Amino acid sequence: MNQVRQKLRADYAHREGITGRGITVAIMDTGIAMHPDFDSRILDFTDFTQGRARAYDDNGHGCHVAGIIAGSGKMSRGLYMGMAPECSLFVTKVLDRKGNGNTAQVLKAIDFVIENQKKYNIRILNISVGMLPTADEEEKGNLMAAVEKAWNHGIVVVAAAGNNGPGKNSVTIPGQCRSIITVGSIDDYVRQKRGLKRGYSGRGPTERCVVKPEILAPGTAIKSCSVRGGGYEVKSGTSMSAPVISGAIALLLQKYPNMTPAQVKLRLYERAVVLKEAGGQKYWGVVYLNRLL
């Protein structure tokens with residue numbers, strides 16, 4: 001596992017000037033705090049839960065996710081730097097302080113991201129939230145259609161596989177959507193003694209026999225930005241795995257700005273590395289940045 005984390009380190013890319021600059025990542029989550037690591041790169045914040053104007057995160061989940069993607073590491077002197085430390089953020093708050101939300105708010109947020117795509121050069125949408133496959137069929141269908149719409153508008157949608165594994169078809173919605181990129185936790189496929197319970201990462205195949213998640217990334221005991229005092233904290237889950245890949249894609253799109261979502265997904269497929277120690281589960285592999293870029 002240390003090998004995976006080392007090969008995901010973006011230091012060499014940053015030294016080459018590949019930092020995500022010029023790329024905007026949209027985040028749908030619990031909000032974001034004005035952490036020093038985000039500098040002035042929060043281009044827009046919209047609260048779909050309470051309608052508040054100023055950026056805030058009353059849960060901490062969204063801020064942690066944003067730090068994995070885009071934290072500059074300023075408060076840690078570069079130790080806890082995100083994957084794409086110069087990318088910009090477009091943040092929509094769709095979950096309350098308890099991490100709850102409703103489908104209507106999420107659908108509005110996705111439409112809002114699409115509406116602002118060209119204005120802010122939004123290339124990626126990170127969704128570290130989801131609903132169970134047993135949820136209401138109409139709500140599931142609406143959410144799947146919405147992320148498909150964003151994908152078809154040229155936005156690379158990255159979703160977490162959820163923490164309801166290890167049973168088959170345990171990937172949360174919208175991670176079951178065929179088009180988008182769904183991310184599970186590699187730590188959960190390789191034996192770990194820390195973090196969440198063994199087998200937490202959502203598994204496929206889906207009920208339509210689609211391989212999900214396609215990509216695995218570190219998700220256990222990830223240290224990133226905290227809402228408290230401009231510091232850092234540790235969280236675990238596929239919610240942490242998805243922004244690792246969103247940040248990696250921001251680097252990829254800075255280097256190859258004309259890539260379409262389909263081309264990005266094909267690149268991930270072609271460059272993924274399968275780990276023998278992760279067992280015989282069906283997935284494409286993990287991402288090594290030198291191969292991806």
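Which residues lie nearest the centre of the largest pocket? The points below take this up, then turn to the helix packing.

1. **Basis.** This is a predicted model, where local features need pLDDT of at least 70, side-chain atom pairs count only at pLDDT 80 or more, and totals for chains, interfaces and linings use all residues. Residues are numbered from 1 along each chain as its sequence is written, and side-chain values use heavy atoms, with hydrogens and water left out.

2. **Largest pocket.** Arg9, Leu79, Tyr80, Met81 and Lys223 lie nearest its centre, among 24 lining residues. A pocket is an open set of points on a 1 Å grid over the protein atoms alone, where a 1.4 Å probe fits, with protein on both sides within 12 Å along at least five of seven lines; lining residues have an atom within 4 Å of a point. The largest pocket holds about 670 Å³ of space. Volume here is the space filled by probe spheres set on the points.

3. **What lines it.** Strand 8 gives the most to the lining of the largest pocket, with 4 residues. Helices (H or I, at least four residues) and strands (E, at least two) are DSSP runs, numbered from the N terminus. By class, this lining has 14 nonpolar, 6 polar and 4 charged residues. Ala, Val, Leu, Ile, Met, Phe, Trp, Tyr, Cys and Pro count as nonpolar; Asp, Glu, Lys and Arg count as charged; the others, Gly among them, are polar.

4. **Second largest pocket.** About 560 Å³ of space lies here. It has 31 lining residues, and Leu95, Gly99, Ser128, Val129 and Gly130 are the closest to its centre. Helix 8 supplies the largest share of the lining, 3 residues. The classes are 9 nonpolar, 18 polar and 4 charged.

5. **Helix 8 with helix 9.** These helices pack at an angle of about 115 degrees, with axes 11 Å apart. Helix 8 is therefore roughly perpendicular to helix 9 (65 to 115 degrees). Axes are lines fitted to C-alpha atoms, for helices over the stretch in contact, and angles run from 0 to 180 degrees between N-to-C directions. Ile249, Leu252 and Leu253 of helix 8 make the contact with Val264, Arg267 and Leu268 of helix 9 (heavy atoms within 4.5 Å). Of these residues, 5 are nonpolar, none polar and 1 charged.

6. **Helix 3 with helix 8.** Their axes come within 8 Å and cross at roughly 35 degrees. From helix 3, the residues include His61 and Ile68; from helix 8, they include Met240 and Gly247. The contact has 6 nonpolar, 5 polar and no charged residues.

Notes:
Angles under 35 degrees count as roughly parallel, over 145 as roughly antiparallel, 65 to 115 as roughly perpendicular and the rest as oblique.
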